[in-house]
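Open the model in your viewer and keep the selection tool at hand. Each stop below says what to select and what is there.

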Amino acid sequence: MSTPVWANHYCAGTIKNVQLNRGGEVYATINNLASNAFLCDLSPADGGNDAEFCKALYSSLLLAQTTQQSVTFWFDIDTDKSCSKGDWVNLYKNHGLYHFMLGG
């Protein structure tokens, strides 16, 4: 029997595009990381700190795309430490996105 090992790790990439749907969900394509990946919800049902984090992330993604800076993302529940996460993935729920840094 094997047990998955979850560990913190990070991945970096440049922002190819930033998307926002009518429900306030933020998606992005991040070179070398993921395509059309769900990142956060600007207006979660429970409100709270997640909305503030999402607003900061959204504005940082727009800045990073405009200035062509890289963004580093940290994950804390990811069993796959590769930085190729795929298409239409949920980086928050499935990989534990919890921290980001603009530039680097």
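Start by selecting alanine 28. Its bridge partner in E3 is alanine 37. Show the strands around this pair. Strand E2 covers residues 25-30 and strand E3 covers residues 34-41. The two pair in the antiparallel sense, over five bridges. Two strands count as paired if DSSP finds at least two bridges between them. Helices (H or I, at least four residues) and strands (E, at least two) are DSSP runs, numbered from the N terminus.

A note before moving on. This is a predicted model: local features need pLDDT of at least 70, side-chain atom pairs count only at pLDDT 80 or more, and totals for chains, interfaces and linings use all residues. Residues are numbered from 1 along each chain as its sequence is written, and side-chain values use heavy atoms, with hydrogens and water left out.

**The whole sheet**

Now colour the strands. Six of them make an open sheet with mixed pairing, in the order E5-E3-E2-E1-E4-E6. Look at the edges: strand E5 (86-87) and strand E6 (97-102) stand there. Each has a single partner strand, so one side of each is left without a neighbour in the sheet. Strands of a sheet pair through backbone hydrogen bonds, either parallel or antiparallel.

**The disulfides**

How many disulfides does the structure hold? There are two. A disulfide here is a pair of cysteine sulfur atoms within 2.5 Å.

Select cysteine 11 and cysteine 83. A disulfide joins them, S to S 2.1 Å. This link is left-handed, with -85° about the S-S bond. Cysteine 11 lies in strand E1 (residues 9-20) and cysteine 83 in the loop between strand E4 (70-75) and E5, so the pair ties together parts 72 residues apart in sequence. Cysteine 11 is buried, at 1% relative accessible area. Cysteine 83 is partly exposed, at 26%. Buried means under 20% relative accessible area, exposed over 50%, and partly exposed in between (1.4 Å probe, protein chains only).

Next, select cysteine 40 and cysteine 54. They form a disulfide with their sulfur atoms 2.1 Å apart. The torsion about this S-S bond is about 70°, so the disulfide is right-handed. Cysteine 40 lies in strand E3 and cysteine 54 in helix H1 (residues 49-67), so the pair ties together parts 14 residues apart in sequence. Both cysteine 40 and cysteine 54 are buried.

Number the bonded cysteines of the protein chain in sequence order, and the pairing reads 1-4, 2-3.

**The rings**

Show the aromatic side chains. Rings of Phe, Tyr and Trp (its six-membered ring) pair if their centres lie within 6.5 Å; planes under 30 degrees apart count as stacked, over 60 as edge-to-face and the rest as tilted. The count comes to four aromatic pairs.

Select tyrosine 27 and phenylalanine 38. Their ring centres are 5.5 Å apart and their planes at 70°, so the pair is edge-to-face. Tyrosine 27 lies in strand E2 and phenylalanine 38 in strand E3. Tyrosine 27 is buried at 17% relative accessibility, and phenylalanine 38 is buried at 12%.

Then go to phenylalanine 53 and phenylalanine 100. This pair is also edge-to-face: 5.6 Å centre to centre, 75° between the planes. It links phenylalanine 53 in helix H1 with phenylalanine 100 in strand E6, 47 residues apart.

Finish the rings with Trp88: ring pairs link Tyr27, Phe38 and Trp88 into a cluster.
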